[in-house]
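Work through these exercises with the structure in view. Try each task before you read its solution.

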Amino acid sequence: MSWNPLSVLFGDSASDQVVPPKGNAAWLTGLASGAMAFIAVFALSLSLAVGRLADFWALDLARTATVRIVAENDALNTQTAAVLQILRTIPGVENAEVVDKDTQLSLLEPWLGSAIPADTLPLPRLIDIRLSKAGIDIESLQLRLSAEAPDATYDDHSYWRQPVLEASERLRLMVAVSLALTALITVIIVVLSAHNALASNQGIIRTLRLLGARDTYIARAFVRRITLRATIGAILGMALSMVAVLSFPTQPEADGLLSGLSLRGTDWIYPLLVPLMVSISAFIASRLAARYHLHSVT
Amino acid sequence: MILLENAGFSYGSRAILKNVTQELATGSFHFLTGPSGAGKTTLLKMCYLSLIPDSGKLEIFGQDVTALSREQITQMRRRIGVVHQDCQFLNHLTVRQNIALPLLVAGKNIEDSMENLEDLLSWVDMSHRADAFPEEISGGERQRLALARAVIMDPDMIVADEPTGNVDWEMGQRLLTLLVELNKMGKTILLATHDLNLIRSIKGRVPASVLRLKGGNLNMAGAQL
């Protein structure tokens, strides 16, 4: 029982005639495949968005750090100058600049409101650091800071980054499991609908056999019909899902939040693969179901 | 053509056919009679390879059917035309498409056989109903359609199971006439019926024999017609 898989879509449409165009399984296969494709594209978009966010947290934020200095006025200025001097000389630092007071106040505004007593509020001095890809020798930096600016603290943001990275990794894993389950359910539905189609057309199968039809011919007719229905359903499901994804508001991940599911660049290829995967799954699943069914019916 | 030697068949513990021995020669015409439940349909099913005997021997076209592969059975089925009482059409296909179905499943180009197809429609007087669907035609038309479908592949043998069971006398005669014509063309005919008038009406048209099934045994009944 072997034939060219492409013939299912492009060849021997004559065999298609022997399967009645209507039946319980007809709409079920298309609808189920469409629903599964919709979910799969949505899950894929979520996975890609989470991936971008994880990359942001893992790569972009990994190359930033902050030195915080908490001291009295004179010491604060002295230690700030010392820290900047250290950062200018230490390898692995691309840029280091003091965060000005206005920026600090704007960062505090969501929590403390706009009427902040800027002159009396003891704000630490913050130095924003941009690191090179190679990174810096943290131990050496901290030794120098403790010697020349004892009130300075180096913060590599790992305290904030790590939970987010862990959460995004788990979310990606969940999405991958969801995709696998979606594929499994699609296969199960196709197998059930293939069995249903074959069982409800026993009379036709018997007649075709008596007329000299090979089991491959009968199977091909059913497999072709089921695969086409599943593929058309998946294309519609994918299209609907992509419209839904496109309607999501978009915001760059540079904000550090999962605020958009829109697809970018080559990401658009992945949803297009969903109908192809559904089609291949439907072909294999329905073919196995047909082979099993026809062999079990003598 | 067909050789049965002590062939038997059982459904579970119930023996339907017991030690059936008979030879049907090429080009011969046979009626198969017997009471309901005698095993006529079972015997016919064995003759068109829908059933394989579970004891004894059955040879068709000189080949032992118990030794045939699935593919060989398929090839052999294409040499046997079958007419069922319930016809077994594909109701979503037209009359013309149903007749062409054996060509379709054999992978033949229907366009090449269109002339033959139209001749067959005309032969069974169904040209005017070619585009109708099976559910739209009468019982007699259905039987003629079944006969046309059975002969489109130019089979060596026609097996018919009560083809006149659901039609009136006149239509039964028309069907018999078609079968006689096929027999004169050299086809072997095996026709199951319990219509004695139909059997008698063949007298003088072609040589035919009557096989009677009773109690699972097959006997030649009476003289040659």
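## Exercise 1: A residue in a strand

B:Asn19 is found in strand S2 (residues 14-24) of chain B. The model is a predicted one.

**Task.** Describe the backbone of B:Asn19, and decide whether B:Asn19 is buried, exposed or partly exposed.

**Solution.** 
- Step 1. Read the backbone angle. B:Asn19 has a positive phi of about 45 degrees, although it is not a glycine.
- Step 2. Count the neighbours. B:Asn19 has 15 C-beta neighbours inside 10 Å.
- Step 3. Apply the cut-offs. A residue is buried at 20 or more, exposed at 12 or fewer, and partly exposed in between.
- Step 4. Conclude. With its 15 neighbours, B:Asn19 therefore counts as partly exposed.

## Exercise 2: A hairpin and its turn

**Task.** Start from strand S4 (residues 55-60) of chain B and find which strands are joined to it by bridges.

**Solution.** 
- Step 1. Take strand S1 (residues 2-11) of chain B. 5 bridges join S1(B) to S4(B), and the two run antiparallel. In this pairing, B:Glu5 has B:Lys57 in S4(B) as its bridge partner.
- Step 2. Take strand S5 (residues 63-64) of chain B. S5(B) is joined to S4(B) by 2 bridges, again antiparallel. Here B:Ile60 stands opposite B:Gln63 in S5(B).
- Step 3. Look at the link. S4(B) and S5(B) form a hairpin with 2 residues between them.
- Step 4. Inspect the turn. B:Phe61 lies in the loop between S4 and S5 of chain B. Its phi is near 50 degrees, a positive value in a residue other than glycine.
- Step 5. Classify B:Phe61. It has 14 other C-beta atoms within 10 Å, so B:Phe61 is partly exposed.

## Exercise 3: Two helix contacts

**Task.** Describe how helix H5 (residues 139-151) of chain B packs with helix H6 (residues 169-184) of chain B. Then do the task for H3(B) and H5(B).

**Solution.** 
- Step 1. Begin with H5(B) and H6(B). They pack at an angle of about 10 degrees, with axes 10 Å apart. Angles under 35 degrees count as roughly parallel, so H5(B) is roughly parallel to H6(B).
- Step 2. List the residues. From H5(B) come B:Gly140, B:Gln143, B:Arg144, B:Leu147 and B:Val151; they meet B:Met171, B:Leu175, B:Leu178 and B:Leu182 in H6(B).
- Step 3. Sort them by class. This contact has 6 nonpolar, 2 polar and 1 charged residues.
- Step 4. Turn to H3(B) and H5(B). Their axes come within 7 Å and cross at roughly 30 degrees. The crossing is right-handed.
- Step 5. List this contact too. B:Val95, B:Asn98, B:Ile99, B:Leu101 and B:Pro102 in H3(B) meet B:Leu145, B:Ala148 and B:Arg149 in H5(B). The classes are 6 nonpolar, 1 polar and 1 charged.

## Exercise 4: Where the chains meet

**Task.** How many residues of chain B are in contact with chain A, and which element gives the largest share?

**Solution.** 
- Step 1. Count both sides. 16 residues of chain B are in contact with 15 residues of chain A.
- Step 2. Name the elements on the chain B side. Helix H2 (70-77) and helix H3 (95-105) of chain B each give two or more residues.
- Step 3. Pick the largest share. H3(B) supplies it, with 5 residues.
- Step 4. Sort by class. The side of chain B that touches chain A has 9 nonpolar, 5 polar and 2 charged residues.
- Step 5. Cross to chain A. In helix H7 (residues 202-210) of chain A, the buried residues are A:Ile204, A:Ile205, A:Thr207, A:Leu208, A:Arg209 and A:Leu210.
- Step 6. Find their partners. Within chain A, these buried residues pack against helix H6 (158-199) and helix H8 (215-246); in chain B, they pack against H2, strand S6 (80-83) and H3.
- Step 7. Check the end of the helix. Just after H7(A), A:Gly212 takes a positive phi of about 95 degrees.

Definitions and conventions
Residues are numbered from 1 along each chain as its sequence is written. Chains are lettered from A and ligands numbered from 1 in the order in which they are written. This is a predicted model: local features need pLDDT of at least 70, side-chain atom pairs count only at pLDDT 80 or more; totals for chains, interfaces and linings use all residues. Two residues are in contact if their C-beta atoms, placed from the backbone, lie within 7 Å. Helices (H or I, at least four residues) and strands (E, at least two) are DSSP runs, numbered from the N terminus. Ala, Val, Leu, Ile, Met, Phe, Trp, Tyr, Cys and Pro count as nonpolar, Asp, Glu, Lys and Arg as charged, and the others, Gly among them, as polar. Axes are lines fitted to C-alpha atoms, for helices over the stretch in contact, and angles run from 0 to 180 degrees between N-to-C directions. Angles under 35 degrees count as roughly parallel, over 145 as roughly antiparallel, 65 to 115 as roughly perpendicular and the rest as oblique. Two strands pair if DSSP finds at least two bridges between them. A crossing is left-handed if the near helix is turned anticlockwise from the far one by less than a right angle, and right-handed if clockwise.
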